[in-house]
Amino acid sequence: MSIDVKNTSMITFIIPTIYKSPHLLQLLRTLENCDLVQEIILVEDGVDVDKQLDKSWFHKLTIIPFTKKLWFNGCVNLGVSLVKTHLYAISNDDILFPTSVIKDCVHHYKLRPKTGVIGMHHSVYHQYPPLLWAIELKTNTLKSEDAGWAALMFNHKDNDIIIPDDLEHYFGDNYMVSYSKYPCMTFYGDKFYTTAEDFSTSTKTYNAIEMEKMFNKEGTAYRKYLRDKPLWETLNPII
């Protein structure tokens, strides 16, 4: 795989999906029309997206077909392994945002290449759910007011972080913050759109009791990865 490490102007988007979000098609069109986006990697995790997407409309879209259940973090790891640009973003499939966010974050990495993962402050969301399960164990990495931080994350190949296999669906964002080589930052700026119903689309698709069991199991697993002093600049607006 050839990575264009010198070109920090283009970015790849990784989107895990089971194609339940009504926003996905609009999100893909937005990214398709953004000059800074070189490729969109859509990682299926249980649905044949080919039957629901007219791929002829998309020239930047690469669909990784479902072969086995990877859950969210497995999809992220797979997507990151396929990225050919220096910069990349990991996006939920149920958010909409202006492309100025991409421009601002790409520009920031040019100015400060030794920045780690950039996530979104909760204030950028037009709507977001009052409670996200993953907040509960974020006290060592993310603060409760940073709900939604991981719905869109930016990173780069110098800071690749492979999420462990025992964190299949939850706490991948926590792990990335804890093991980032460089200080992570929070984006304040343009408004996003999501809704409480859509925000965790894949989670709502499965049995709630089983998902809670998975959350508790992975929460226990995550504790062994906690670090005392993650590199964090959460209160510093980057733009």
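## Helix H2 and tryptophan 71

Tryptophan 71 lies in helix H2, which covers residues 71–82; helices (H or I, at least four residues) and strands (E, at least two) are DSSP runs, numbered from the N terminus. The model is predicted, and local features need pLDDT of at least 70 while side-chain atom pairs count only at pLDDT 80 or more, whereas totals for chains, interfaces and linings use all residues. Residues are numbered from 1 along each chain as its sequence is written, and side-chain values use heavy atoms, with hydrogens and water left out.

Most residues other than glycine have a negative phi. Tryptophan 71, although not a glycine, has a positive phi near 60°, and this residue is buried, with a relative accessible area of 14% (buried means under 20% relative accessible area, exposed over 50%, and partly exposed in between, with a 1.4 Å probe and protein chains only).

## Phenylalanine 171

Phenylalanine 171 also carries a positive phi, of about 65°, without being a glycine. Its place is in the loop between strand S6 (152–156) and helix H4 (172–178), and phenylalanine 171 is buried, with a relative accessible area of 1%.

## Helix H6

Helix H6 has 16 residues (208–223), which at 1.5 Å a residue should span 22 Å, and its end C-alpha atoms are 23 Å apart, which agrees; the expected span is 1.5 Å times one less than the number of residues.

The buried residues of H6 are Met211, Met214, Phe215, Glu218, Gly219, Ala221 and Tyr222. Seen down the axis of H6, the buried residues fall within an arc of 160°, so they line one face of the helix, the arc being that of the directions from the helix axis to the C-beta atoms. An α-helix has 3.6 residues a turn, so residues three or four places apart point the same way. On the other side of H6, Ile209, Lys213, Lys217 and Thr220 are exposed.
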